[in-house]
Amino acid sequence: MGKFNFDYSQTMMMKIDIGVPDKKLRSKIFNKFNDVLDKVKIIDNLTFGAPKIMYLVGWQYRGHDDKYPSFFNVNRGAVPVYGDSPHHSLISLMDEAKNYNTSISLHINLSDAYENSPLWQEYCNKNLILRDKKGRLVVTGNYNGLNAYHVRAKAEYESGNFQKRADAVISMFQLDKQKTVHVDAFFVRKGLETNIPEEKKYRRKMIEYFIDRGVDVTTEFIYRERNSGFRSLWGKSDIIGLVPAVWNLRMSQYDYFRYPPTVLAGGELCMDIQADKDLQYLFYGNAHCEECFNKKEWTEDFIREFSLKTVPYFFLNKRKLQRISGIGKGRVAHFDDGVEASIKDKKITQNGIVLKEGETLCIPITWKDNTYYAFSGEGKSCTFTVPNGRAFVYELKKQGRVLLFEKEITKSRITLDMKKNRGYIIREDKI
């Protein structure tokens, strides 16, 4: 596996919302821990056991963005049974999810600070909060009705407070056992006695601190702050190689040659900041699925995201990018093993055989041997090319797989009558 604990180019990376503070100083809960586990079980069935990481957002205090730089108490509203220990409930969820090919970990923030935090006065007293040239605290945003301030990376690290925070969250929530954590909004800023180059240096030290304790760090963006403090969307990044995966990618065509998915995985291209949006049809991405999980009926949206993004993403990631031909929407990405992905018709082929076109696909999956995954966004009868021999065809449902039929394949062709937005498995042996 190399430097990191997971192969993020072959692992689903998702977030799920737990809670957010409401106006009555309580927590609006989207998913309790038992809801998360129920979804983990369903997702494992719908993905046929694909390897997965799920980060919990708003698991602490009253929910998302509450009381940073503290992150030591579990959101009581997420506990399934009143009176249960919140900490024990969270650890139990993490342990149980392992049975479903899923690692549960935390979404945290190392940069933000709020006045309602138990650490606020200590951080002010130690001059760990960013100030402007006139010595005034710098407000960087407003979330949940509270001003957000910024923790100075170098100052916190040199004070030892960062190490205390990191050691506590790793120990309390067994992050060395989960082996990954997601750090949100990991920006650096300039201010009084604070400059960008040094802040970047200590951001790297923070990431390395987690790595040295057996925990991968994934981040929200590729950070490219200029020395002026300007947040550039292009140019050199100083954390690629330290972080294995980024939630919101912004990539150029050239970036895909410089940073193959084994070096920098996703996440998806973030369309709000992505310039060349058509690259999503040359390289695809690891479906976020975060918005799906807050819906009462979420499985159909999830299946679409998984099928049209993650399945082709994993397949292409197994192959080295050789070149890109054409211009504009006529571009084709050429990989080894005779694999090509084209923007036009959203097509993927291998040695001339069509594996995906539009919203219909039949692709060899990478996490199970001798297995194809089929899907149609329209719902129609399709004929696919598969190896000769006995084939067993299953539909993937929330409760598990259902054997539809078995058939002796000749002439390397099989026809499936597919329902709209349903996943199917074609295997050479029965399971």
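This is a predicted model: local features need pLDDT of at least 70, side-chain atom pairs count only at pLDDT 80 or more; totals for chains, interfaces and linings use all residues.
How many positive and negative side chains does the protein have, and how far apart do the centres of the two sets lie? The protein carries 68 positive and 54 negative side chains, with the two centres 2 Å apart. Lys and Arg are counted as positive and Asp and Glu as negative, while His and the chain ends are not counted; each charge is placed at NZ of Lys, CZ of Arg, CG of Asp or CD of Glu.

Residues are numbered from 1 along each chain as its sequence is written, and side-chain values use heavy atoms, with hydrogens and water left out.

The secondary structure consists of 10 helices and 24 strands, assigned as DSSP runs (helices H or I, at least four residues; strands E, at least two) and numbered from the N terminus. The radius of gyration is 23 Å, close to the 22 Å that the globule rule gives for 431 residues, so the protein is as compact as a globular protein of that length. This radius is taken over C-alpha atoms, and the rule is 2.2 Å times the number of residues to the power 0.38. Along the principal axes, the C-alpha atoms fill a box of roughly 75 × 55 × 35 Å.

Of the 431 residues, 55% count as buried (buried, under 20% relative accessible area; exposed, over 50%; partly exposed, in between; 1.4 Å probe, protein chains only). The accessible surface comes to about 18600 Å², and carbon and sulfur atoms account for 48% of that area; areas were computed by the Shrake-Rupley method with a 1.4 Å probe, and for residues only the protein chains shown count as cover. Among contacts (heavy atoms within 4.5 Å) between residues at least 6 apart in sequence, 66% join residues at least 24 apart.

The loop between strand S4 (52-57) and helix H2 (86-97) contains Asp66, and Tyr61 and Pro69 are also found between S4 and H2. Asp66 is buried at 1% relative accessibility. Beyond neighbours within four places in sequence, Asp66 is in contact with Pro21, Gln60, Tyr61, Asn116 and Asn144. Tyr61 is likewise buried, at 12% relative accessibility, and has a positive phi of about 45° although it is not a glycine. Tyr68 and Pro69 are joined by a cis peptide bond with omega of about 15°.

A cis peptide bond also runs from Gly266 to Gly267, with omega near 15°; Gly267 belongs to strand S12 (residues 265-269). Ser412, in the loop between strand S22 (400-409) and strand S23 (413-417), has a positive phi near 55° and is partly exposed, with a relative accessible area of 24%.

Glu340 lies in strand S15 (residues 339-342) and is partly exposed at 33% relative accessibility. With neighbours within four places in sequence left aside, Glu340 is in contact with Val332, Ala333, His334, Lys347, Ile348 and Thr349. The C-alpha atom of Glu340 is separated by 26 Å from that of Phe6, 334 residues apart along the chain.

A search of the whole structure found zero disulfides (a disulfide being a pair of cysteine sulfur atoms within 2.5 Å). The sulfur of Cys382 is 9.4 Å from the closest cysteine sulfur, in Cys362, and is therefore too far for a bond. Cys382 is buried, with a relative accessible area of 10%, and Cys124 is buried at 17%.
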